[in-house]
Amino acid sequence: MRKQLLSLIAFVAATLSIQAQLPDGHDISWFVPGTTTFTLSTAEELAGLSYLSYMGHTFGDNNGNDTTFILGADIDLTPWLEAHGGQTGWKPINKLDGVFDGAGHTIKGLWMNQPLEAIVGLFGLNSGEIKDLTVVIDNSDGKEGVQGSEIVGGLAGVSLGAISGCTVMQKEASGTAVRGTSAYIIRTGGLVGDSQNASFINCMAAVNIASASSFAGIYTGGLVGQISSASTFVNCYATGTVTAEAIGGAVTNFYTGGLAGAVSMDIWGNAPTLTNCYATGAVSATGSGSIATGTGLLVGRNGGTLTNTFYNSEIAPLLSGVGAETAEGCAPLTSARMRTQGSFTGWDFDQTWAIDASGSVAPFNNGFPYLRSQQTQTITLSVSATDPFTYTVNGTTVTDGTNRITVGKGSAF
């Protein structure tokens, strides 16, 4: 009992010390020692989490239970970064060991100008779980989007854990949103820079990627820069352009892909698997005389297992889906066939995927498959004051006593 009391006193003292050093604009009032579930609803509270992680604070309780962070609202980082971001922008949430539940919400206005920082993203290292979150990167008005050095991703620099139901997009359609520049090995991806023994389910990235290095090892992908060990990807896709450059001439291990730069088996023989995934972005790599290279519209180099994966063959007819090693399980599709549900053998279009076959001038996701979890719907809504509750959605009248309408994921009226 005395030992526990001394530990609590030391913990409270450390917390008070952190509060005394707390920079302006960072709110940690939500943090209660011993609590394992927290709700963050403002930019200041999210910045408080970033600060605590940067200071090396360990969350969880004395019983070994991990912490869950729940996003309580959409957060626009724009005003906060204008006031507190200076020249470098957002500082990554250094390490996540527990769960970050986006609860279907969006964090927008993210930008980071940190070309000397090795691990860069909204999160630095994910060794826990990130789920149901959309991130919109601000690449407007001269901002560099998310820019870092050796390992760069829109959501996280490195993932050793689980990511599901997550989307990364960019504010302006043109221009680069995620950039890695280094004189060393570099891994750059729209969602994550580097994946090791991690799992990804129902994720997508619609951001333009660029990377450049003068050192051996350039891994650049629309979703992930390098995928290694027993990582698993199920129902994921990327649509952004991917550009990589070997600065000053030849380098070795130079891999660039629309979805992933390299899919690599580890030294123990553990290999990644990619199932029901695709990419549609343009891919280019420049660097005269580079050795051990591969440029593919899906994967730059594949040392794993691909199952029911596809790429748009019309983007660059001279490029194949896989730049180096085995292309088994990866198939080309024309733009027309990519807009046809029947082309995607083995995919679940009842629960997971959908295609906008409305024939409109601007179909959702350009008519290509999208995840149902991403779907948004514009409705015309009228509500009566009667009991039971009656509402009309797009001309259809519904009677419901719950006083709650749910439209799509995480949206309620």
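A residue counts as buried when its relative accessible area is under 20%, as exposed when over 50%, and as partly exposed in between (1.4 Å probe, protein chains only). By that rule, 47% of the 413 residues of the protein are buried.

Before you click around, some ground rules. This is a predicted model, where local features need pLDDT of at least 70 and side-chain atom pairs count only at pLDDT 80 or more, while totals for chains, interfaces and linings use all residues. Residues are numbered from 1 along each chain as its sequence is written, and side-chain values use heavy atoms, with hydrogens and water left out.

**Colour by pLDDT.** This is the predictor's confidence in each residue, from 0 to 100. The protein averages 86, and 84% of the residues score at least 70. Now select residues 1-20: here the pLDDT is below 50, and the stretch has nine contacts beyond near neighbours in sequence (contact means heavy atoms within 4.5 Å). Residues 377-383 also stay under 50, with 21 contacts beyond four places in sequence.

**Switch to cartoon.** You will find four helices and 38 strands; these are DSSP runs numbered from the N terminus, helices being H or I of at least four residues and strands E of at least two. Of the contacts with a separation of 6 or more, 72% join residues 24 or more positions apart.

**Pick out the open sheet.** Its six strands run in the order S7-S11-S16-S20-S24-S28, with parallel pairing (two strands pair if DSSP finds at least two bridges between them). S7 and strand S28 (291-296) are the edges, each pairing on one side only. Next, select 186-189 and 218-221: these are S16 and S20, paired in the parallel sense over four bridges. Ile186 stands opposite Ile218 in S20.

**Move to Phe215.** This residue sits in the loop between strand S19 (209-213) and S20. Phe215 is partly exposed, because its relative accessible area is 38%.

**Finish at Gln114.** Look in the loop between strand S6 (112-113) and strand S7 (119-120). Is Gln114 buried or exposed? Its relative accessibility is 7%, so Gln114 counts as buried. Show its surroundings: leaving aside residues up to four places away in sequence, Gln114 touches Thr88, Gly89, Trp90, Lys91, Pro92, Val120, Gln147, Gly148 and Ser149.
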